Amino acid sequence: MDLLAQAADGFHAIDADAALKERALKFLRQWLTEPDFAAYRPQVEWLIRQQQWAGLLDRFYQILPFGTGGRRGPVGVGPNRMNLWTLGASVQGHCEYLKEKFPGAEVRVVLAYDVRRFLDKRKQYNPALPNPVLGLSSKDLAHFAVGVYTANGIHAHVLPPDSPRYLATPELSFAIRHLGARGGLNISASHNPPDDNGGKFYEERGGQPVPPDDQIMADLVDQVTTIKTLPWAEAVKTGRVHFLSDEPHEAYIELIRRQSLVAPPQKHEIKVVFTPLHGVGSMTAMEVLVRQGFPVLPVEEQMAPDGQFPNVTQTPNPEVPASMDRAVELAKRQGADLVLSTDPDADRLGAMAPDRQGGWRFVTGNEIAALVTYFKLTKLANQGDLPSSAVVITTEVTTGQITRIARHFKVQIVNNLLVGFKYHADVLWHLEKDGAYEDVRGRPEDLVVASEESHGLLVTSKIRDKDAAGGALLMAELALDQKRKGLTVVDLLEHLAKQFGYFRNLGVTVAMSGVQGKQDMARMLDALRATPPKVIGGLPVTGFEDLRDEDGRLGPLKGATDAASRNVLIYRMGERARVALRPSGTEPKAKTYVEASSAPFAPGTTAEAWQRTCREVDDLAKRIADDFQRQALALIGKEPPA
């Protein structure tokens, strides 16, 4: 029996849709016979001989989806993995898109890459056989992409091969605008596991494309049959490869420093512990803090850029408190006032702050967003610098406390965006182009803060993606400002809760494995649309919104990418609570965003009564999260994990 027949026979034993198996066999035939895939063949043949049927089906049943602006996933062999072929097809499609969008023009792009290198930590491949993805770094992928761009006549700006620096995600966004480029590519998997990687595309405005542009590009990527490419040395000889100088980096750093709101610290006035979690944040956030005069205590064992993240607990993600355990230990020893961290590509910001009991408190993404929004609005208002058309931007699933803060300062707010900073960038583009977005009027310069619950902040419209450096500067200045008053970051959190209401936000991930998990997830969403819960956590559901509804506020769908982004269900329980469910566009998992809140602290309320109110909100949020997960899984005959 030949290898393809063996695979067909093996797939019969797997409980999955027959069409998926047929598609997997079609791609397997390509990878086993066509010259473009010869380098991958030893590993494919080995996987078949090892009868790795489930793994083979997962690798070959589809081409890695071109989702929110690009492809991201495990590096490996097969069309449903990140490798030179899947990246090359994406870049070729981007070239076609750029040539259609800018006919006859000289087109330039900027490329960035992170610290990753594939070492097969999951031990999925045979180390004794040739493997073209083993050792593949983000830099290798970027240089391959440069070969595709130049072969298509497009100019590419990239760091010199011997540069010790990296380009963080927000710095890429800035550089695209600063250099007048027509687009960009970021090779990064952000805070994903070490064996993952991805390619994310940017448009000329410095953000990722939104519908319908992202659909146009996705369609062009899907139509790619031939990848034009040049080896790195030949690409350089074309004269279309331009090595970035330090000038755009210096301009970026100075831009962030200009966002300062308070006088720089005096010597010994404050101590800030910082960790880039083995990413590139030392070249952005930390550099800004140091130049602004902050005494920064680096977590030395996490400073080196290293895509294996060897000294990070759990994951290099500022959303996970354990990732900052070493930073907290250093902060305790040094008597520091604040801990700050950035994820590997330095677009997300994490924080820990000392509490009154001598411990350290994790500051959630929602709390960071509320703190920075309140701090900046207060400072601008007190200094007489608050724009007359000031705008605050946030998402549908970010804390409602930000809306109450914005309304207190009588500033405009966009608070109904889909998840993803490309939508924040789109608001700024509409303000730039039209002077308006929905009922908001103004210019991009009127931006105060843009935020999202997953630790993303933007404090200047000259960048069009989330930026940890700007957020780090304002968080450090906020801690300094509080210390000058004899107060702490935690004191300000408590002040916000009393003035604007106590908010409890929870994120619960529902995960299902494999191809079957993806089908189960789709069934669950369909069932929740057809029969929305009437009561969640003991509270009646007063409003249900399906953002895919073409008769709803977002109007007709603009394509498959728009449908994926709008695959969100929202259940409101009066003014007290909200649940939003959003499945991943690429993985069989969904995130539930739960919010419960109280009214503001009423005069005359005792401390005990207020603490009881806060505990009741905490209990309500957990009850809602547990009950919603139970009801959702029950619709497909499953139970929540113990």
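Predicted model: local features only at pLDDT ≥ 70, side-chain atom pairs only at ≥ 80, totals over all residues.

Student: Which sense does the pairing of strand E1 with E5 have?

Tutor: Strand E1 (residues 70-74) pairs with E5 in the antiparallel sense, over five bridges. Pro74, for example, has Asp196 of E5 as its bridge partner.

Student: How many residues of E5 are buried?

Tutor: Seven of its eight residues are buried, so E5 is mostly covered, where buried means under 20% relative accessible area.

Student: Why is helix H7 described as largely enclosed?

Tutor: Because eight of the eleven residues of H7 (residues 169-179) are buried, the rest of the structure largely encloses this helix. Among the buried ones are Leu172, Phe174 and Ile176. Their cover includes strands E2, E4 and E5 along with helix H10. Just after H7, Gly180 has a positive phi of about 70 degrees.

Student: And how should I read two helices packed together?

Tutor: Packed helices are described by the angle between their axes and the distance between those axes. Here, H13 (residues 365-383) and H17 (residues 489-500) pack at about 85 degrees, with axes 11 Å apart. That angle makes H13 roughly perpendicular to H17. Residues making the contact include Leu371 and Tyr374 of H13, and Leu492 and Phe500 of H17. By type, the contact residues are eight nonpolar, two polar and one charged.

Notes. Residues numbered from 1 in each chain as written. Heavy atoms only, no water. Buried < 20%, exposed > 50% of the residue type's maximum accessible area, 1.4 Å probe, protein only. Helix = DSSP H or I, 4+ residues; strand = E, 2+ residues; numbered from the N terminus. Contact = heavy atoms within 4.5 Å. Axes fitted to C-alpha atoms, helices over the stretch in contact; angles between N-to-C directions. Parallel < 35°, antiparallel > 145°, perpendicular 65-115°, else oblique. Nonpolar A, V, L, I, M, F, W, Y, C, P; charged D, E, K, R; others polar. Pairing = 2+ DSSP bridges.
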